[in-house]
Amino acid sequence: MARKAAAPLPACRVEVVSDARALLDMGPLWDGLVRRAGLDHPFQSHAWVRSWWESFGAGRRLHVLLVRAGEEAVALAPLMLGPARLYGLPLRRLGSLYNEHTPRFDLVVADRRDDACRAIWSHLRASSDDWDLLELCQVPQGSQATAELARLAEADRFLVASWRASESPYVPLRDGWDRYLMTLSHNHRAKLRKRLRRLERRGRVALETIDSEEGLDRALEDGWRLEAGAWKDRAGTAVRLSSSLGRFYASLARHAARAGILRLFFLTVGGARIAFAYALRHGDKVYVLKSGYDAAYAGYSPYNLLTGLILEEACRRGLSEYDFLGGNDEWKMHWTDKVRSHEWLYVFPGRLKARVLHGVKFGVVPRLARLPLYRTVRDTLAGSGGR
């Protein structure tokens, strides 16, 4: 008996979501795609994206690409279109929803990866008269979807380049607290024990966790006070100095609390909050976004003590990883020797202006950067806040 031929798979097509109201209505569909895609971080969740857009989206146009195979949603490319400058030259940037508060980005591909990426690229290629640069920022190295997008762009003779970005330290925790603790240097462990004993003389030391909307306003108020306290107020980078930053993290906290992934950690002494970590839990991993401590307790290294208590608690709960996010600062590397790499993908159309921009960024500037005089001028301008 002849075997019946399988029905052909439905073609992938792209819908463009450019309306903020439509973005808000996408919550269940969006998070369903993120779960099916198996992304191991919370920075493409609907709570994150809607909070980011509502806080930082002014002056840009939303350009979310939703890929469907037939009626089924299979992929997302959360993009935005807006003006930008590259080495002083104005351009139209189509790129990820990104600023310095976005730790990680990736395409969300739940099914039919090659077909979905081909549909996304076909849309981008067809609309390339509308943009001078496609820029995907802070993509984890090894992203298959982004690599496929780059391959398709190169095949169509677009100019493609990548830039290696910061490395983020993380701590694997699968072996449990005791075995992890023994991987730390003797000196680091001794300092932690000594500071903890000294701090305990001032009162009972404890870890406090806020993971719901109960007490959230007060917790955020205390958290931002601690985040500003050590040096960020003086540097002008504290969250409480920026209305858009405050709005973003407050909105994210509320949405994350309702989703059950918010974790605001405090180190307390005698009931007083002296160190703070704003974190999200995604699956069996913890991601720390913001931190701070009371400068009056600096001699006790309170944030290191808080980190130790969070790590111990994470092990007790069977979590697999603690991600510091951000750069590989020296103090973080006392806790781990593992880092996660990121890269930025740049795609330029073949037009003259785009070729000039590509040539400047990936030809002229790297050659200049090898000259001592150029580095001196660059560092001087950076130090004075100039660009």
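Does S128 count as buried or exposed, and at what relative accessibility? At 10% relative accessibility, S128 counts as buried. Buried means under 20% relative accessible area, exposed means over 50%, and partly exposed lies in between, with a 1.4 Å probe and protein chains only.

The model is predicted: local features need pLDDT of at least 70, side-chain atom pairs count only at pLDDT 80 or more, and totals for chains, interfaces and linings use all residues. Residues are numbered from 1 along each chain as its sequence is written, and side-chain values use heavy atoms, with hydrogens and water left out.

S128 lies in the loop between helix 4 (113-126) and strand 6 (133-140). Helices (H or I, at least four residues) and strands (E, at least two) are DSSP runs, numbered from the N terminus. Contact means heavy atoms within 4.5 Å. With neighbours within four places in sequence left aside, S128 touches F158, P349 and R351.

Helix 4 also packs against another helix. Its axis comes within 9 Å of the axis of helix 5 (residues 144-155), and the two cross at roughly 50 degrees. Axes are lines fitted to C-alpha atoms, for helices over the stretch in contact, and angles run from 0 to 180 degrees between N-to-C directions. Helix 4 is therefore oblique to helix 5. Angles under 35 degrees count as roughly parallel, over 145 as roughly antiparallel, 65 to 115 as roughly perpendicular and the rest as oblique. On the helix 4 side, the contact residues are R113, D114, C117, R118, I120, W121 and L124. Helix 5 contributes Q144, A145, E148, L149, L152 and A153. By class, this contact has 8 nonpolar, 1 polar and 4 charged residues. Here Ala, Val, Leu, Ile, Met, Phe, Trp, Tyr, Cys and Pro count as nonpolar, Asp, Glu, Lys and Arg as charged, and the others, Gly among them, as polar.

The axes of helix 3 (residues 46-56) and helix 10 (residues 243-259) come within 9 Å and cross at roughly 155 degrees. The two helices are therefore roughly antiparallel to each other. Their contact residues divide into 7 nonpolar, 5 polar and 3 charged. W48, W52 and F56 are among those from helix 3, and L245, F248 and L252 are among those from helix 10. H255 is also in helix 10. At 16% relative accessibility, H255 counts as buried. Beyond its neighbours within four places in sequence, H255 is in contact with A47, R50 and S51.

Strands come next. Strand 11 (residues 285-293) is mostly covered, with 7 of its 9 residues buried. Strand 10 (residues 272-282) pairs with strand 11 in the antiparallel sense over 8 bridges. Two strands pair if DSSP finds at least two bridges between them. H282 stands opposite K285 in strand 11. The two strands form a hairpin with 2 residues between them, and G283 in the turn has a positive phi of about 60 degrees. Strand 11 also runs parallel to strand 12 (residues 321-323), joined by 3 bridges. D323 in strand 12 is the bridge partner of Y287.

Most residues other than glycine have a negative phi. Q138 is not a glycine, yet has a positive phi of about 55 degrees. Q138 is found in strand 6 and counts as buried at 8% relative accessibility. L325, also not a glycine, has a positive phi of about 60 degrees. L325 lies in the loop between strand 12 and helix 12 (330-333) and counts as buried at 4% relative accessibility.
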